[in-house]
Amino acid sequence: FFSKMSSLAQPCPAPALPTLLGSSSLGATSTSDISSTAAVVADPSASYSNSPNFAFDFFQEPEAQDTSQYLKWTAVAAGVAATACTYTAYQSYTAASKVGQYHNMKGGMAIAQDVLELVGNTPMVYLNSVTKGCYAKVAAKLESNNPVNSVKDRLALSMINEAEKDGLIKPGRSTLVEATSGNTGIALAAFGSMKGYKVILTMPESMSMERRCLLKVFGAEIVLTPAAKGMKGAIAKAQEIVQSTRGAVLTEQFRTPANARIHRNTTGPEIFRDSKGKVDIIVGGVGTGGTITGVAQYLKSVGSECKIVAVEPHESPVLSGGKPGPHKIQGIGAGFVPKVMDVSLVDEVVPVSSEQAMHMAKRLPKEEGLFTGISAGAAVHAAVQLAKKPENKGKLIAVIIPSFGERYLSSPMFSDLRKEVEKLPVHDVKI
């Protein structure tokens with residue numbers, strides 16, 4: 001029994017564990033640890049077991065304040081039917097939890113102090129349909145599960161927190177200005193508004209209508225720039241605004257060290273933890289380059305030999321040495337190599353066409369139940385191509401899903417769908 005519980009306790013990106021426990025924040029355990037812990041719980045004569053504060057006392061021990069220890073208790077309690085003890089242990093553990101650990105038990109959840117505490121610790125899940133016939137397994141890191149539904153939630157919160165720490169901005173007095181293709185701006189607008197900042201965002205006119213609406217919903221001011229000038233035009237306009245606006249600060253997602261740092265400190269460790277350190281290839285689209293750089297930096301620091309694969313638009317293959325050009329993959333392919341990005345960490349660059357990206361993004365909702373953006377389609381397409389190579393047989397490929405798909409409904413990807421639903425007939429009914 002305890003051997004079986006131990007095997008269940010191992011963290012992994014498979015659907016089974018998150019389904020059972022509602023969390024991707026799970027640590028490894030051992031049979032001996034579970035057995036010894038179970039002995040204490042099951043033995044009424046044990047020194048702690050007669051105390052109503054038994055579980056609370058256990059979780060106050062420094063070595064017990066981590067997810068693996070909590071999981072041991074979950075497994076043991078399930079095995080010996082110590083329901084009351086598990087409930088008490090859960091309450092004690094979640095009360096002492098740090099940011100991002102609020103989904104540690106099915107049917108139970110601690111209440112976060114605010115939405116900012118829910119940023120990060122996103123789940124991973126295997127892709128099973130689009131990978132049929134592949135040699136390698138592909139697990140998706142669902143950054144779309146962040147509070148404002150994108151990987152940029154991490155960056156936006158990090159930029160605000162670091163600027164406050166450095167004394168560069170103050171709520172009610174400072175204006176945050178950023179050039180954004182959408183997701184960073186949405187997160188900045190949401191979190192900035194919460195903290196009392198005015199937010200002005202510049203973006204190419206080609207960005208989707210949903211993104212514009214979301215920015216306005218969160219109270220941001222939008223300044224559109226010509227689509228033909230890409231992100232360079234948006235950045236130039238942002239710099240103009242800062243120079244002419246009192247109290248304005250440029251957060252500079254393409255340049256700030258906070259970009260890669262937040263992924264080195266959070267996203268990278270999460271992937272390493274949930275894959276039990278066995279991830280072989282990381283695949284991610286490059287917008288600012290912060291995600292893939294930070295993840296790579298962390299993995300290299302722990303001695304991982306993981307291969308880092310960057311994805312860019314085929315129509316704008318700057319990382320591959322080509323010239324920038326217009327494309328339809330919102331969020332990646334800025335047309336230049338961002339200062340944030342450390343290209344020396346990238347082992348391979350895979351160009352993906354806009355058509356390939358949109359085709360995969362359309363497959364994911366129907367085949368995997370994942371509604372994603374176009375850039376996620378590009379990343380998954382690249383990951384699947386790598387998984388089909390015989391030399392990657394038996395390997396684990398982790399792919400970053402940057403954002404949720406609802407903010408792309410007005411994009412070219414869904415033009416046919418919009419026409420179809422607009423022509424839906426109305427069927428009369430007798431009442």
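Me: How are helix α13 and helix α14 oriented to each other, parallel or perpendicular?
Reply: In this predicted model, helix α13 (residues 354-368) and helix α14 (residues 374-387) pack with their axes 7 Å apart and at an angle of about 95°. Angles of 65 to 115 degrees count as roughly perpendicular, and α13 and α14 are therefore roughly perpendicular to each other.

Me: Which element gives the most residues to the largest nonpolar core?
Reply: The largest nonpolar core has 38 residues, of which V283, V380, I397 and V399 touch the most other members. Two or more residues each come from β2 (137-142), β7 (281-285), β8 (307-313), β9 (348-352), α13, α14 and β10 (396-401). With ten residues, the element that gives the most to this core is α14.

Me: Which residues is V283 in contact with, once its neighbours within four places in sequence are left aside?
Reply: V283 is among the residues that touch the most other members of the largest nonpolar core. Leaving aside its neighbours within four places in sequence, V283 is in contact with V309, V311, A379, A382, A383, L386, I397, A398, V399 and I400.

Me: How many residues are in the second, separate core?
Reply: Apart from the core already described there is a second, separate one, which includes V148, I186, M203 and A220, and its count of residues is 25.

Me: Are α7 and α8 parallel or oblique to each other?
Reply: The axes of helix α7 (residues 152-165) and helix α8 (residues 183-195) come within 8 Å and cross at roughly 45°, and this crossing is right-handed. Since angles under 35 degrees count as roughly parallel and 65 to 115 as roughly perpendicular, α7 and α8 are therefore oblique to each other.

Me: How many charged residues are there in the contact of α7 with α8?
Reply: In this contact K152, D153, L155, A156, L157, M159, I160, N161 and E164 of α7 meet N183, T184, A187, L188, F191, G192 and K195 of α8. The residues of the contact divide into eight nonpolar and four polar, with the charged ones numbering four.

Me: Is A190 buried or exposed?
Reply: A190 is found in helix α8, and, not counting residues up to four places away in sequence, A190 touches V148 and F218. Its relative accessible area is 7%, and because buried means under 20%, A190 is buried.

Me: Is S375 buried or exposed?
Reply: S375 lies in helix α14 and, leaving aside its neighbours within four places in sequence, is in contact with I329, Q330, I332 and P402. With a relative accessible area of 5%, under the 20% that marks the limit, S375 is buried.

Me: Does N149 count as buried or partly exposed?
Reply: N149 is found in the loop between β2 and α7, and has a positive phi of about 70° although it is not a glycine. Its relative accessibility is 27%, whereas buried means under 20% and exposed over 50%, so N149 counts as partly exposed.

Conventions: Residues numbered from 1 in each chain as written. Predicted model: local features only at pLDDT ≥ 70, side-chain atom pairs only at ≥ 80, totals over all residues. Heavy atoms only, no water. Axes fitted to C-alpha atoms, helices over the stretch in contact; angles between N-to-C directions. Helix = DSSP H or I, 4+ residues; strand = E, 2+ residues; numbered from the N terminus. Parallel < 35°, antiparallel > 145°, perpendicular 65-115°, else oblique. Core = buried A, V, L, I, M, F, W, Y, C linked by side-chain atoms within 4.5 Å. Buried < 20%, exposed > 50% of the residue type's maximum accessible area, 1.4 Å probe, protein only. Contact = heavy atoms within 4.5 Å. Left-handed = near helix turned anticlockwise from the far one by under 90°. Nonpolar A, V, L, I, M, F, W, Y, C, P; charged D, E, K, R; others polar.
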